[in-house]
Amino acid sequence: TTSEFEDRLDLWRRGVHEPPKCSDLTCSADLAARAQFARMLPVLRHRGGSTGVVEPRSLIGKLGEEYAAALALNEAEHARDCEKSCASFYCGEGLPDSTLLETREISMGSVPPEDFASMFHYPLDLIKVTREPVVSAGEASRAVALAKAENVDGNVFPSGKYKLGGDWLVHLHGTRQWFNHLLERTLVRNIAASFPEIVTNASTLRAHSVAMLKYNSSHPRTDVHVDNGIIALTFALSNRSNYKGGGTYFEHLGESNLVEMDAGHATWRPGSVRHGGHRVTRGERYIIGAFFLLSDRVEHVRRLKNRGSNFRAEGDVATAATHFKWALEINPKCTTCLKDLAEALVVNGTLDAAEGTLRMALDLLPSDSDALFSLGVLLSQKGDHRAALEAYRQSAAVNPDDAELLYNLGLKLQQVEGSQEEERRMYARALEADPSFAKAHCNLGAAYAEAGDDDKAEHHLVAASQDPSVAVTALQNLAMLYEKRAQRGLAGFGALKTREAAIDVSTAADVHLSNAQKTWDHLRTIAPPDVARMATSKLLSLLKTRGRLVAIADIPSAITILEQATALDPSDAATWQALARACSLVGDNVQLGMTRLKDLGGFAVKLVPWGLPAVLFAGWMVYPALTPGFKQSLGLESPPPSGKTFEFDKADVGEVPELKS
Ligand SMILES: O=C(O)CCC(=O)C(=O)O
Ligand SMILES: [Fe+2]
């Protein structure tokens with residue numbers, strides 16, 4: 001029927017070339033899978049999508065001398081990179097008798113390659129996956145062994161915010177030799193044959209940025225990203241039985257369409273398709289990733305964009321934006337250029353223009369989780385929190401275990417919907433994705449503290465306090481948490497009838513107060529001046545409370561504590577008074593207490609109302625003196641003053657603010 005035909009056509013355009021097998025039971029499942037393919041829409045909308053692409057040199061008249069100079073710089077860089085490639089990697093036509101491998105083809109989605117876009121045509125079935133292995137599994141495993149002998153595992157390899165094991169092949173001499181043979185034997189001719197639109201001759205391929213990468217459960221995945229070359233290769237070296245998870249993830253295809261390859265298989269594709277190494281949960285997965293240049297074609301779009309990013313990194317936003325605009329003049333559908341430009345516009349404060357630019361990127365590539373994330377950040381900055389929440393939600397639907405995204409989503413859920421449980425769930429998911437994510441620890445700790453789950457709150461706040469980026473907020477929350485615990489322990493203290501009971505309760509509460517003291521003290525040493533001042537005043541009031549509380553069981557310790565308080569603030573009369581009382585009780589020797597107090601200096605004489613005979617205070621400290629006045633005089637009728645309001649603070653760490661590209 002027509003609708004079946006359309007379904008199949010949709011699937012085919014998405015690279016699913018074999019129609020779903022339709023027995024009664026599986027048919028509905030296939031349709032459900034197809035429903036997931038709503039990302040298909042832009043392919044239809046942007047059919048014939050390379051319209052507007054312009055030959056770079058033809059723009060010199062319009063864009064002027066600086067642009068012409070930038071193109072010349074691109075050409076010089078390109079020539080240098082090609083030369084460098086041939087110094088390390090095979091440059092030649094490949095063996096003439098190497099047979100062409102059979103591949104299956106998958107659509108790269110709605111947006112053609114960023115460079116030479118007009119040369120490609122829909123359905124853009126440009127992701128090639130081998131149907132037969134390029135080398136045997138045995139040879140692949142020997143290559144890994146060779147690289148291991150060359151210490152490939154000794155290095156950490158960053159991919160955005162994630163890390164993998166692995167190393168560049170230029171550092172692994174033997175492995176590089178093996179790879180070069182492979183280029184010569186099969187890869188060069190096969191890759192060249194896959195892209196007749198742009199590869200004039202197999203000898204124009206120039207490999208660069210070639211690395212062996214290792215995934216395992218501690219280094220599980222890459223960011224979703226684009227590769228830095230017109231053509232990219234992923235070569236699988238481990239059998240699928242060696243690991244769980246893994247595979248190459250293409251964002252426009254979704255998690256249910258991973259490209260999974262056994263050892264010896266490979267995929268090659270345009271570098272600009274958004275993809276990543278999918279999460280490995282067990283075992284080890286080795287691959288080689290390689291990018292290719294074409295010696296007779298300069299990738300002006302990619303090079304302008306990269307140079308713009310370099311200017312951006314140096315803080316020159318205006319020049320960066322000019323480069324992104326130039327790249328967009330050549331190819332208006334360069335989505336990474338649009339995202340980079342949006343970021344530059346945000347820095348310039350032109351938020352509406354930035355939003356328009358981001359929405360153009362999303363119109364071309366609605367499944368771009370980074371563009372959705374950036375839109376969320378942008379809308380949040382514009383104060384449209386509900387729309388920001390929606391953008392984060394959409395981003396999470398595409399990229400469900402991105403730590404920063406889940407974290408921002410958690411914040412926004414709480415802010416917009418007041419949903420504390422959902423908020424905690426998102427922070428917890430962010431920490432599953434990245435257990436060392438300090439902001440998520442900080443806010444999850446605060447969220448648990450708000451919910452009254454003290455143990456979990458303490459665990460996460462302690463973890464966050466180790467990281468300088470959030471330590472100030474985390475320590476503040478942690479100190480308040482300890483005070484809150486002490487305060488809870490002291491509830492009903494005023495009604496206790498025996499000294500023993502009072503000692504039990506106060507000793508238990510003092511564990512928390514002593515933790516709070518250490519925490520405020522730590523905070524004082526690391527915080528900026530205004531927070532340090534606040535921490536000092538908190539510490540002071542805490543010491544006064546502790547002094548009174550500890551005095552019930554242990555007056556000499558109370559004296560030490562109160563002395564610390566007077567040292568912190570010698571102008572506080574009440575502290576001197578409490579110290580005088582405590583001193584006067586040491587060994588029931590009022591005289592000693594008086595002497596001690598005088599020794600402490602002129603302040604005491606000035607501030608303590610000596611009209612009251614110290615001897616009268618003697619009775620105060622001996623619990624129980626059962627009159628309410630007695631307890632009041634200790635300041636223990638009500639909970640400790642330093643912890644009356646608990647507003648756990650998340651605002652300081654805020655949303656992750658960077659727009660991504
Ligand atoms: O591990 C994969 O499958 C993808 C790795 C990757 O991003 C690449 O080879 O460029
Ligand atoms: Fe990649």
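**Figure 1. Contacts across the whole predicted protein.** Of the contacts in this predicted model that join residues at least 6 apart in sequence, 69% link residues at least 24 apart, a contact being a pair of residues whose C-beta atoms, placed from the backbone, lie within 7 Å. The protein has 661 residues, of which 48% are buried, meaning that 20 or more other C-beta atoms lie within 10 Å of the residue's own. Its secondary structure comes to 25 helices and 12 strands, taken as DSSP runs (H or I, at least four residues, for helices; E, at least two, for strands) and numbered from the N terminus. Residues are numbered from 1 along each chain as its sequence is written, while chains are lettered from A and ligands numbered from 1 in the order in which they are written. As the model is predicted, local features need pLDDT of at least 70 and side-chain atom pairs count only at pLDDT 80 or more, whereas totals for chains, interfaces and linings use all residues.

**Figure 2. Helix α8 and what covers it.** The end C-alpha atoms of α8 (residues 317–330) are 20 Å apart, which agrees with the 20 Å that its 14 residues should span at 1.5 Å a residue, the expected span being 1.5 Å times one less than the number of residues. Its buried residues are Ala320, Ala321, Thr322, His323, Phe324, Trp326, Ala327, Leu328 and Ile330, and their cover includes α4 (60–88), α7 (300–313) and α9 (335–347).

**Figure 3. Confidence along the chain.** The mean pLDDT, the predictor's confidence in each residue from 0 to 100, is 84, and 81% of the residues reach 70 or more. Over residues 587–593 the pLDDT is below 50, although this stretch has 13 contacts beyond near neighbours in sequence; residues 600–646 are likewise below 50, with 74 such contacts. Where pLDDT is low, the predicted coordinates should not be read in detail.

Technical notes. Buried ≥ 20, exposed ≤ 12 C-beta atoms within 10 Å, placed from the backbone. Contact = placed C-beta atoms within 7 Å.
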